[in-house]
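Q: Hi! Could we walk through this model together?

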Amino acid sequence: MQSRNHTEAVPTLLFIPDISGFTDFVHRTEVSHSRHIIEELLEVIIDANEMDLEISEIEGDAILFYRTGKSLSALQILAQVEKMYTRFHAHLRKYESQRICQCGACGSTGDLSIKFIIHYGDVARKQVKSYSKLFGKDLIVAHRLMKNMIPESEYVLITHQLLNACSSWVEIKQVAWDTPRQGKEEYDFGAIDYCYISLHALQSHVPEPSVQDYALARATRNVELESVINAPIEMVFDVVSDVHAKHLWMVGVKGSDKISDKVVRNGTQHRCIMNEDGSGPFFTSHDFKISKDLITWTDTDPVAKMSLVITFRRIGSQMTRMKITVLATHTLFSRIMYLLRGRKKQFQFFSASLAKLNDYCQDLLREGKGHASSILLEPAAVSVRA
């Protein structure tokens, strides 16, 4: 018998950011990447929480935040909405400017929008073992309000129940970025009055993504080698560009962590774990140039002052010529030591890695599989909008 503990209902602020505009994709790549995109956006919203809101649950593409006790002021709540909104759209702009995948999910992030439902009422909690869940009529009210008659795509909806609970709400016209409008929804349990504020004016507050130059200054070529990989260019690129999969083809690499993005794009950072203690060099992937038959990009380790320029050239439907050029910034002494001790080891390391890559791709082809990363190089031809 599971133990259940019900708390008494207490005054609670319910704060729900809800992402909308997702597309229902028919391709596996797009379904996978749409899931990654929403995970990143939900993390962005959570990281922007500055009101000490607690999370009750994540419901698909919405987060149920709550805070018990006395209601907060209009200024505090609208400042939190603005923070989450601007962080959300700043992240979307990064997708537009830095993405390399051409699938429908990655290409349509600009269609996504966000709305906020904010309510205040008596809410209780029930505890089942280690799990805690909110319940009560006011929680139902907040969920029902996610479907409403507001014509705007992006807005913050605030119920009169919250306005009436805090005298400072008389300031809302002074602190809001647009004129509050009134609305009402009729439900089976009665009418709910609210005001709502369009978020459109906040677009001017969203910062443009910064353009960073990751290239090394005064770098010279250490070594260059190439090999033919007996697999299509799309598969080879999928494997090599997947920062989670370095251990599958690079000898001596035990894994990857500290990965900044769920879908690889310009500026994605990761750490290659090379040692038993979990340490290893950090790389940034940048300067992607992609066409149907030729792909280049660079992985740079700014601490070691080393870059790998990676090139793929299609030489047949099932063959790819891959070239790795190692660039580094040297002092005179480090250049001499590299030529004496390091060059041969580096050449052997990448030669063995290219052979391992060829074996891995061959195994995938024999098993009729693709690599899990699935960066789409050409725009998707078919998608169905939800």
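Q: Let's start with Leu-332: which helix does it lie in?
A: Leu-332 belongs to helix H8, residues 332-366. Helices here are DSSP runs of H or I with at least four residues, strands are runs of E with at least two, and both are numbered from the N terminus. Keep in mind that this is a predicted model, where local features need pLDDT of at least 70, side-chain atom pairs count only at pLDDT 80 or more, and totals for chains, interfaces and linings use all residues. Residues are numbered from 1 along each chain as its sequence is written, and side-chain values use heavy atoms, with hydrogens and water left out.

Q: Is Leu-332 buried or exposed?
A: Leu-332 is exposed, because its relative accessible area is 69%. Buried means under 20%, exposed over 50%, and partly exposed in between, using a 1.4 Å probe and protein chains only.

Q: Moving on, why is helix H7 largely enclosed?
A: Eight of the nine residues of H7 (233-241) are buried, so the rest of the structure largely encloses this helix. Among the buried ones are Met-235, Phe-237 and Asp-238.

Q: What do they pack against?
A: The buried residues of H7 pack against strands S10 (220-229), S13 (282-290), S14 (294-301), S15 (306-316) and S16 (319-328), and against H8. Contact means heavy atoms within 4.5 Å.

Q: Nice. How much space lies in the largest pocket?
A: About 520 Å³. Of its 23 lining residues, the closest to the centre are Lys-94, Gln-98, Tyr-214, Asn-266 and Gly-267. A pocket is an open set of points on a 1 Å grid over the protein atoms alone, where a 1.4 Å probe fits, with protein on both sides within 12 Å along at least five of seven lines; lining residues have an atom within 4 Å of a point. Points are joined across faces, edges and corners, and the volume is the space filled by probe spheres set on them.

Q: Which elements each supply at least two residues of that lining?
A: Helix H1 (28-47), helix H2 (74-98), strand S12 (268-273) and S13.

Q: And Gln-98, what is it in contact with?
A: Leaving aside neighbours within four places in sequence, Gln-98 is in contact with Pro-209, Ser-210, Arg-265 and Asn-266. Gln-98 is in helix H2, and counts as buried because its relative accessibility is 16%.

Q: New topic: how many salt bridges does the structure hold?
A: There are 20, each a side-chain nitrogen of Lys or Arg within 4 Å of a carboxyl oxygen of Asp or Glu. One of them joins Asp-18 and Lys-115 at 3.6 Å, N to O. That pair links distant parts of the chain, with Asp-18 in strand S2 (10-20) and Lys-115 in strand S5 (113-128), 97 residues apart.

Q: Are those two buried or exposed?
A: Both Asp-18 and Lys-115 are buried.

Q: Which residues are linked in a network of salt bridges?
A: Glu-39, Glu-43 and Lys-262.
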